[in-house]
Amino acid sequence: MTQTKIAIIGGSGIYDIDGLEKTEWVTVETPWGDPSDQILTGSLSGVDMAFLPRHGRGHVHSPTDVPYRANIDALKRLGVTDVISVSACGSFREHMAPGDFLIVDQFIDRTFAREKSFFGTGCVAHVSVAHPTCPRLSDACESAGKAAGITIHRGGTYLAMEGPQFSTLAESKMYREHWGCDVIGMTNMPEAKLAREAELCYASIAMVTDYDSWHPDHGEVDVTAIIATLTGNAEKGCALVKGLPDLLGADRAPCPHGCDRALEYAILTAPEKRDPTVLAKLDAVAGRIL
Ligand SMILES: CSC[C@H]1O[C@H](OP(=O)(O)O)[C@H](O)[C@@H]1O
Ligand SMILES: Nc1ncnc2[nH]cnc12
């Protein structure tokens, strides 16, 4: 048994988290550069917790410039086992209304200006992201959300766009009508892919803030309105987080879906051909198998 350590990656409008005990903002150095900010460590009902504001306190990193690799490496380095991403999103579905939450289970990755892997020349690896989120962790998020009285939808596809501009009307309609996407945001990729490479369970809670630009009865996306909706829902998010420790428990059984063993058969580079400099950077992410 390992010890559960739950990390919350807070998105736009979420730069701190209330209710943790024995808190401390810690600086974590990584071979991939600095994470978005210091990480708040603490505990909740006897379970170790960590909180990282994705855009940094004061919202300093754009979606393109979030240091995704450093963030995931830093969480792994701290002993995190389960990562819960909380993010704002636009909805493509009438019944997923502003204020609702969606537990995302699929992604279409349209980002193109970000580093997407810890691996490459010197140590090549290919992990599966057919099922990019962890069902066990997603179950816990759904149960905690329902117990907190949140309108929470289970299962949906998140279109990850590069941004920072919102989508055009034509793009919005294409993602909704032809690509079958349910929500849109700018940050869950490559975060989810990197979490899988780092053998971390990952769940994504998308907080609906708007209807993007497709909806005939709603105006264009407006960042002020998005933050107002988010702020109005922050308490719901905190209530959900408070329910997680009891559901997940301090003693952690191996992930039944194999998230924590994702690298088992993924590395292709022959041991004698692996570059020691590259391996050194993988000490946290792939230390279990290298
Ligand atoms: C504030 S509107 C656009 C911004 O909000 C979302 O950020 P996050 O996913 O970190 O909550 C969206 O992805 C954009 O980055
Ligand atoms: N409509 C939208 N598109 C992209 N990212 C978002 N974040 C919140 N709303 C969004």
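Reader: Which residues is A262 in contact with, leaving aside its neighbours within four places in sequence?

Author: A262 is in contact with V127, R196, E197 and E199, once neighbours within four places in sequence are set aside. Two residues are in contact if their C-beta atoms, placed from the backbone, lie within 7 Å. The model is predicted: local features need pLDDT of at least 70, side-chain atom pairs count only at pLDDT 80 or more, and totals for chains, interfaces and linings use all residues. Residues are numbered from 1 along each chain as its sequence is written, while chains are lettered from A and ligands numbered from 1 in the order in which they are written.

Reader: Why does A262 count as buried?

Author: A residue is buried if 20 or more other C-beta atoms lie within 10 Å of its own, exposed if 12 or fewer, and partly exposed in between. A262 has 21 C-beta neighbours inside 10 Å, and therefore counts as buried. Its place is the loop between β13 (251–252) and α6 (276–281); helices (H or I, at least four residues) and strands (E, at least two) are DSSP runs, numbered from the N terminus. The C-alpha atoms of A262 and G122 are separated by 19 Å, and these residues are 140 apart along the chain.

Reader: What is the phi of K22, and why is K22 called exposed?

Author: K22, likewise not a glycine, has a positive phi of about 50°. Most residues other than glycine have a negative phi. K22 lies in strand β3 (residues 21–26), and its 10 other C-beta atoms within 10 Å make it exposed.

Reader: What makes V60 and F112 exposed?

Author: V60 has 12 other C-beta atoms within 10 Å, so it is exposed; F112 has 9 such neighbours and therefore counts as exposed too. V60 is in the loop between β5 (47–53) and α1 (68–77), whereas F112 is in the loop between β8 (106–109) and α2.

Reader: Which residues does UniProt list for "binding site"?

Author: The unreviewed UniProt entry lists M186, D210, Y211 and D212. UniProt positions are given in the numbering used here, feature names are shortened, and annotations may be inferred rather than shown by experiment.

Reader: How do you know that M186 is buried and that Y211 counts as buried?

Author: M186 has 25 other C-beta atoms within 10 Å and is therefore buried; Y211 counts as buried because it has 22 C-beta neighbours inside 10 Å. M186, in the loop between β11 (183–185) and α4 (188–197), is in contact with P63, A160, M161 and G163, leaving aside neighbours within four places in sequence. Y211 is in the loop between β12 (201–210) and α5 and touches G90, S91 and H218, not counting residues up to four places away in sequence.

Reader: Why are α2 and α5 called oblique to each other?

Author: The axes of helix α2 (residues 135–147) and helix α5 (residues 223–248) come within 8 Å and cross at roughly 125°. Axes are lines fitted to C-alpha atoms, for helices over the stretch in contact, and angles run from 0 to 180 degrees between N-to-C directions. Angles under 35 degrees count as roughly parallel, over 145 as roughly antiparallel, 65 to 115 as roughly perpendicular and the rest as oblique. Helices α2 and α5 are therefore oblique to each other. The contact is made by A140, C141, S143, A144, G145 and A147 of α2 and L240, G243, L244, L247 and L248 of α5.

Reader: How do the residues of the contact of α2 with α5 divide?

Author: They divide into 8 nonpolar, 3 polar and no charged. Ala, Val, Leu, Ile, Met, Phe, Trp, Tyr, Cys and Pro count as nonpolar, Asp, Glu, Lys and Arg as charged, and the others, Gly among them, as polar.

Reader: Which peptide bonds are cis?

Author: A cis peptide bond joins G163 and P164, with omega about 5°, and another joins M189 and P190, with omega about 10°. Most peptide bonds are trans. P164 is in the loop between β10 (157–160) and α3 (169–178), whereas P190 is in helix α4.
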